[in-house]
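Me: I've got a structure here and I'd like to talk it through with you. Can we go over it piece by piece?

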Amino acid sequence: MEDSTPFRYIGGDPALDLVNTVDWTSEGPRRDRLVSYDRLVTWAEGAGVVASDVAENLRRIARGDSQGAAKALSRARSARRILRDVFYEFALGNDATGALEALNPLLTIALSRLRVEQSGALAAYSWHEWGENPSCVLWPVVFSGANLLTSAEATHVGMCSGEDCGWMFVDRSRNRLRRWCEMETCGTIAKNQRRRARQSS
Ligand SMILES: [Zn+2]
């Protein structure tokens, strides 16, 4: 039941790494890695979104509030779909107005938790109810996605050319010709397919 497929963080942004927790195939999302709230926390920890002590606290809270945890997981899956739709339209150079309309309520929720706190000589961002609200892992992810969309890098968001992959990334390669999520997976599959096609012809 528990999908223990390791998470891959190849998106270059937590918002895209969340999108990449499932395969976006021609038949819809497949191989969902977010099969439990625990897995969501593990993903967030690996993405650098939560520190390990916060992750531990969230797991403990989830054990005592399975309903709250289930709700947070379903919110994460829904945010993942919305982020995917937005970045998909951007990657293809399409009008993203409709997709952004779905994203904005998530941004409102996230930003309603954002605070500034004294941190030495400066102030730093922090989140109200951080590590206490099971959904807190989503707030910085949505905020990061909005920051990416409003940055110059929004035009460098690309999608893997692999069949039935659909993973997304910020293309930071020098010539902006990145095609694959990872050369070792989709890039190699495509290379082998080309080789087989050559051999059979
Ligand atoms: Zn791929």
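This is a predicted model: local features need pLDDT of at least 70, side-chain atom pairs count only at pLDDT 80 or more; totals for chains, interfaces and linings use all residues.

Me: On to the metal. What geometry do the donors around the zinc ion have?

Reply: The protein donors are the SG atoms of C160, C165, C181 and C186, lying 2.2 to 2.4 Å from the zinc ion. Four donors count as tetrahedral if all angles lie between 85 and 135 degrees. Here the four donor atoms subtend angles of 105 to 114°, so the arrangement is tetrahedral.

Me: How are those donor residues spaced in sequence?

Reply: The zinc donors follow the pattern C-x4-C-x15-C-x4-C. That pattern links distant parts of the chain: C160 is in the loop between strand 5 (157–159) and strand 6 (168–170), while C186 belongs to helix 7 (residues 183–200), and the two are 26 residues apart.

Me: Are C160 and C186 buried or exposed?

Reply: The cut-off for buried is under 20% relative accessible area. C160 has 6% relative accessibility, so C160 is buried. C186 is at 11%, so C186 likewise counts as buried.

Me: Now the pockets. Which element gives the most to the lining of the largest pocket?

Reply: The largest pocket has a volume of about 330 Å³. It is lined by 24 residues, and those closest to its centre are C165, C181, T185, C186 and I189. By type, the lining divides into nine nonpolar, seven polar and eight charged residues. The element giving the most, with five residues, is helix 7.

Me: Which elements give two or more residues to the lining of the second largest pocket?

Reply: The second largest pocket has a volume of about 200 Å³. Its lining includes R75, L106, S135 and W139, and it divides into seven nonpolar, three polar and two charged residues. The elements giving two or more are helix 4 (66–91), helix 5 (97–111) and helix 6 (138–149).

Me: How far apart in space are R75 and S135?

Reply: R75 is in helix 4, and at 42% relative accessibility it counts as partly exposed. In sequence, R75 and S135 are 60 residues apart. Their C-alpha to C-alpha distance is 7.6 Å.

Me: And what separates the C-alpha atoms of G120 and L58?

Reply: G120 lies in the loop between strand 3 (114–119) and strand 4 (122–127). Its relative accessible area is 61%, so G120 is exposed. G120 and L58 are 62 residues apart along the chain, and their C-alpha atoms are separated by 27 Å.

Me: Last one: which backbone nitrogen does the side chain of T25 reach?

Reply: T25 is in strand 1 (residues 23–25). At 17% relative accessibility, T25 counts as buried. At 3.0 Å, its side chain reaches the backbone nitrogen of E27.

Conventions:
Residues are numbered from 1 along each chain as its sequence is written. Side-chain values use heavy atoms; hydrogens and water are left out. Donors are N, O and S atoms within 2.8 Å of the metal (3.2 Å for Na, K and Ca); water is not among the atoms, so sites may look incomplete. Four donors count as tetrahedral if all angles lie between 85 and 135 degrees; four count as square planar and six as octahedral if opposite donors are over 155 degrees apart and all others between 65 and 115; anything else is irregular. Helices (H or I, at least four residues) and strands (E, at least two) are DSSP runs, numbered from the N terminus. Buried means under 20% relative accessible area, exposed over 50%, partly exposed in between (1.4 Å probe, protein chains only). On a 1 Å grid over the protein atoms alone, a cavity is a set of points where a 1.4 Å probe fits but cannot get out, and a pocket is an open set with protein on both sides within 12 Å along at least five of seven lines; lining residues have an atom within 4 Å of a point. Grid points are joined across faces, edges and corners, and a volume is the space filled by probe spheres set on the points. Ala, Val, Leu, Ile, Met, Phe, Trp, Tyr, Cys and Pro count as nonpolar, Asp, Glu, Lys and Arg as charged, and the others, Gly among them, as polar. A polar contact is a pair of N or O atoms within 3.5 Å; within protein, one must be able to donate a hydrogen and the other to accept it, and residues adjacent in sequence count only if both atoms are side-chain atoms.
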